[in-house]
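Here are my notes on this one, in the order I'd go through them at the screen. Have a look at the model first, then read on.

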Amino acid sequence: MTTTLKSKLQDDLNAAIKGRDELRSSTLRLTLTAISQEEVAGKEKRELSDDEIIKVITREAKKRREAAEAFAQGGRAEQAEREKAEGEVLSRYLPKQLSDDELNVIVAQAVEEARAAGAEGPRAMGAVMKIVNPKVAGQAEGGRVAAAVKKLLQG
């Protein structure tokens, strides 16, 4: 039987609780709560696919990164470290992130595809993003992708 990402998170949470690993257990609890909230959002309850769960984990990891930056700027190093540690726990469940070079290659191909389809100038941004996003889903943050696309379209 194949295990889903959600059941793996649940198993890891149980192991963290038994091992008295407070950081992992609290991080996984919050993440599983976010997944549950996503499942009951909308008109009817549904089971999330692994891809949808990865999107939730990505969103949670992004929150941790942003909170760590905010705490660091606010001079609260201890909280910043905690948020960074929680982000590292979550990163174990995410696909490997693309390097800048790998991302640029994918974006360059998408720009060529969009130009071949007749998209030019700043308006090509949307067309290129439509091509790139499915290829890099979960492997690169949206802001990074948008910056790479913008840079290639301008340069």
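1. Start with the domains: the chain splits into domain 1 (4-92) and domain 2 (100-154), with bounds that come from an automatic or database domain assignment. The C-alpha centres of domain 1 and domain 2 are 29 Å apart.

2. Before the details, a word on what we're looking at. This is a predicted model, with local features needing pLDDT of at least 70 and side-chain atom pairs counted only at pLDDT 80 or more, while totals for chains, interfaces and linings use all residues. Residues are numbered from 1 along each chain as its sequence is written, and side-chain values use heavy atoms, leaving out hydrogens and water.

3. The chain has seven helices and zero strands (DSSP runs numbered from the N terminus: H or I of at least four residues for helices, E of at least two for strands). Its C-alpha trace spans about 55 × 45 × 30 Å along the principal axes.

4. Now α1 (residues 5-18) and α2 (residues 22-40). Their axes come within 9 Å and cross at roughly 150° (lines fitted to C-alpha atoms, for helices over the stretch in contact, with angles from 0 to 180 degrees between N-to-C directions). The two are therefore roughly antiparallel (under 35 degrees is roughly parallel, over 145 roughly antiparallel, 65 to 115 roughly perpendicular, the rest oblique). In the contact (heavy atoms within 4.5 Å), α1 supplies K6, L9, Q10, D12, L13, A16 and I17, and α2 supplies R24, S25, L28, R29, L32, I35 and E39. Those residues divide into seven nonpolar, two polar and five charged (Ala, Val, Leu, Ile, Met, Phe, Trp, Tyr, Cys and Pro are nonpolar; Asp, Glu, Lys and Arg charged; the others, Gly among them, polar).

5. Which side chain does K6 join through a polar contact? That of E39, at 2.9 Å (a pair of N or O atoms within 3.5 Å; within protein, one able to donate a hydrogen and the other to accept it, with residues adjacent in sequence counting only if both atoms are side-chain atoms). Setting aside neighbours within four places in sequence, K6 is in contact with L32, I35, E39, E47, D50 and I53.

6. Over in α5 (residues 100-116) and α6 (residues 124-136), the helices pack at about 140°, with axes 9 Å apart. That makes α5 oblique to α6. The contact draws on L103, I106, V107, A110, V111, E113 and A114 of α5, plus A127, V128, I131, V132, K135 and V136 of α6. By class, the residues of this contact are eleven nonpolar, no polar and two charged.
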